[in-house]
Amino acid sequence: LDTRSRLIRPAEISIGSLDSSIVHPREVFKEALAASAATVIFAHNHPSGDARPSAFDTLVTRRLVQAGELMGMDVMDHIILAGRSYYSFRKAGFL
């Protein structure tokens with residue numbers, strides 16, 4: 001997102017397997033830096049239909065927030081989509 005929270009461009013970072021995906025802050029923020037983004041929103045899906053975050057989801061979110069802070073880029077939210085439901089780390093008070 002730009003400084004006014006407008007979408008600059010979406011970017012697909014990783015395509016996971018049935019139950020996991022490789023997420024590294026370096027790869028995630030490469031796209032945001034190239035777009036001169038001020039803020040980012042992360043999203044991924046849970047094919048199981050359960051939107052609750054796993055321990056790994058929480059760990060990755062914490063790492064992404066820390067990496068963003070080092071680069072001066074805010075993480076506005078991390079959203080998990082699952083069927084007709086979703087989980088927002090921001091709405092849950094994590095961010």
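Biologist: What are the ground rules for the numbering and the model?
Modeller: Residues are numbered from 1 along each chain as its sequence is written. The model is predicted, so local features need pLDDT of at least 70, side-chain atom pairs count only at pLDDT 80 or more, and totals for chains, interfaces and linings use all residues; side-chain values use heavy atoms, with hydrogens and water left out.

Biologist: How many helices and strands are in the chain?
Modeller: Helices (H or I, at least four residues) and strands (E, at least two) are DSSP runs, numbered from the N terminus. Here there are two helices and three strands. Their order along the sequence is α-β-α-β-β.

Biologist: Is aspartate 2 buried or exposed?
Modeller: Buried means under 20% relative accessible area, exposed over 50%, partly exposed in between (1.4 Å probe, protein chains only). Aspartate 2 has 17% relative accessibility, so it counts as buried. Across the chain, buried residues make up 28% of the 95.

Biologist: Where is aspartate 2 found, and what is it in contact with?
Modeller: Aspartate 2 is in the segment before helix 1 (25-34). Contact means heavy atoms within 4.5 Å. Neighbours within four places in sequence aside, aspartate 2 is in contact with Ile8 and Ala38. Its side chain also reaches the backbone nitrogen of arginine 4 at 2.8 Å.

Note on methods:
A polar contact is a pair of N or O atoms within 3.5 Å; within protein, one must be able to donate a hydrogen and the other to accept it, and residues adjacent in sequence count only if both atoms are side-chain atoms.
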